Amino acid sequence: MSTRIPFLKGHGTENDFVIVPDPENAVELSPAAVAALCDRRAGIGGDGVLHVVRSAAHPEARGMAAEAEWFMDYRNADGSVAEMCGNGVRVFARYLQHAGHTTEGDLAVATRGGVKTVHIAKDGDITVGMGRARLPEGDVTVSVGGRSWPARNVNMGNPHAVAFVDDLADAGDLFSPPPFSPASAYPDGVNVEFVVDRGPRHVALRVHERGSGETRSCGTGACAVAVAAARRDGADPTATGTPATYTVDLPGGTLVITERPDGEIEMTGSAVIVAEGEIDAKWLETEAG
C-alpha cells in the first residue's frame with residue numbers, strides 16, 4: 001500500500017460518503033478501516049464508503065464487466081458490506097464525471113444489487129434506474145418505545161420496512177435499530193422508514209439505515225416508501241397501467257421517485273463532490289489493526 005491514498009468526500013441529499021478511487025482494486029479496505037474512515041470525530045466522516053473499482057478488477061463484479069466498466073464496492077459506516085445504496089450510486093456517478101471517466105448522458109454502474117442505469121442531466125440532477133421492487137408476503141411490525149406499527153416489506157436489492165405514522169417524532173432517536181417482528185422477515189437486519197403524508201403523492205420520512213443509524217437520506221428507502229405509498233393509495237402502476245410519481249422529502253433534501261407500469265423505478269436527485277485529499281496509509285493501517 002502506498003503511503004498516501006487519494007480520497008474525495010461527496011453527498012447526495014446529505015447522505016454523505018468517503019470516496020476511495022481504486023481502479024485496480026489495490027487498496028485493502030477491511031471493516032475496521034472503513035469504520036475508521038467513516039468516524040466523524042477521528043476520521044473523515046461519512047454514512048459509508050464508495051470504493052471505486054473497475055468491474056474487471058473485482059471478483060464480485062467481473063461477471064458484470066461487459067455491461068458496466070465500474071463497480072461500486074459499497075460499505076456501510078460500520079464496515080459491513082451492503083448490496084446497494086441509491087444515493088451512493090448518484091454520488092458514484094458524479095465522481096466518475098468529476099474524474100473524467102464519463103460525461104453527461106447515460107452510463108451503467110455495477111453494484112452487488114446488479115447493474116444500475118444512470119443518467120447525468122445537463123441541469124446537474126442524476127437519475128438512477130433502481131430496478132423493480134420485490135414485495136415479500138407476510139405481515140411485519142416495527143416498534144419504538146413500546147409503540148408498534150404495521151410495516152410494508154419492500155426489497156430494493158436491500159431490505160426495507162416502511163411504516164406510516166402520524167408524526168415523524170414517533171420514530172424516536174433512531175440511534176439503535178427499531179425492533180421488528182417476525183425476526184424471520186429480515187435475517188440480515190433491515191432499513192426502517194417512518195413516513196408521514198405531506199400532500200397528494202408527497203410524503204416525508206426519517207430512516208434508520210442498517211449499519212449506519214439514522215441518516216439524512218436513503219435513496220433505496222425513498223424508493224421503498226414510494227412503492228409502499230402507491231400500494232396504500234391504490235396507485236400501483238403495475239395494476240393501473242399509469243406511472244406513479246411521488247415527491248419524497250428527507251432530512252437532507254428531496255428526491256423524486258417514479259414507478260413505471262413495467263415495475264421499473266427511477267430516482268432523481270442531486271449529487272455533489274465537496275472535497276478531495278489524501279489519507280495517510282499508516283494511520284489507516286494503525287486504525288484497522
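Predicted model: local features only at pLDDT ≥ 70, side-chain atom pairs only at ≥ 80, totals over all residues.
Residues are numbered from 1 along each chain as its sequence is written, and side-chain values rest on heavy atoms, with hydrogens and water left out. Local features require pLDDT of at least 70 and side-chain atom pairs pLDDT 80 or more, while totals for chains, interfaces and linings use all residues.

The protein contains five helices and 18 strands, taken as DSSP runs (helices H or I, at least four residues; strands E, at least two) and numbered from the N terminus. Along the principal axes, the C-alpha atoms fill a box of roughly 55 × 40 × 30 Å. Buried residues (under 20% relative accessible area with a 1.4 Å probe, protein chains only) account for 52% of the 289 residues.

Spanning residues 86-98, α2 reaches 19 Å from its first C-alpha to its last, close to the 18 Å expected for its 13 residues, where the expected span is 1.5 Å times one less than the number of residues. Eleven of these 13 residues are buried, so α2 is largely enclosed by the rest of the structure. Among the buried residues are Val 89, Val 91, Phe 92 and Leu 96, as well as Arg 90 and Arg 94. After α2 comes Gly 100, with a positive phi near 85°.

On a 1 Å grid over the protein atoms alone, a pocket is an open set of points with protein on both sides within 12 Å along at least five of seven lines, a cavity is a set where a 1.4 Å probe fits but cannot get out, and lining residues have an atom within 4 Å of a point. Grid points are joined across faces, edges and corners, and a volume is the space filled by probe spheres set on the points.

The largest pocket has a volume of about 160 Å³. Of its 14 lining residues, Thr 117, Gly 129, Met 130, Gly 131 and Glu 264 are the closest to its centre. Strands β6 (114-120), β7 (126-132) and β17 (264-269) each give two or more residues to this lining.

One cavity of 30 Å³ or more is counted, and the largest cavity has a volume of about 100 Å³. Asn 76, Met 84, Asn 158, Asn 191 and Glu 209 are the closest to its centre among 15 lining residues. Both β4 (70-76) and α3 (219-232) supply at least two residues of that lining.

Technical notes:
Buried < 20%, exposed > 50% of the residue type's maximum accessible area, 1.4 Å probe, protein only.
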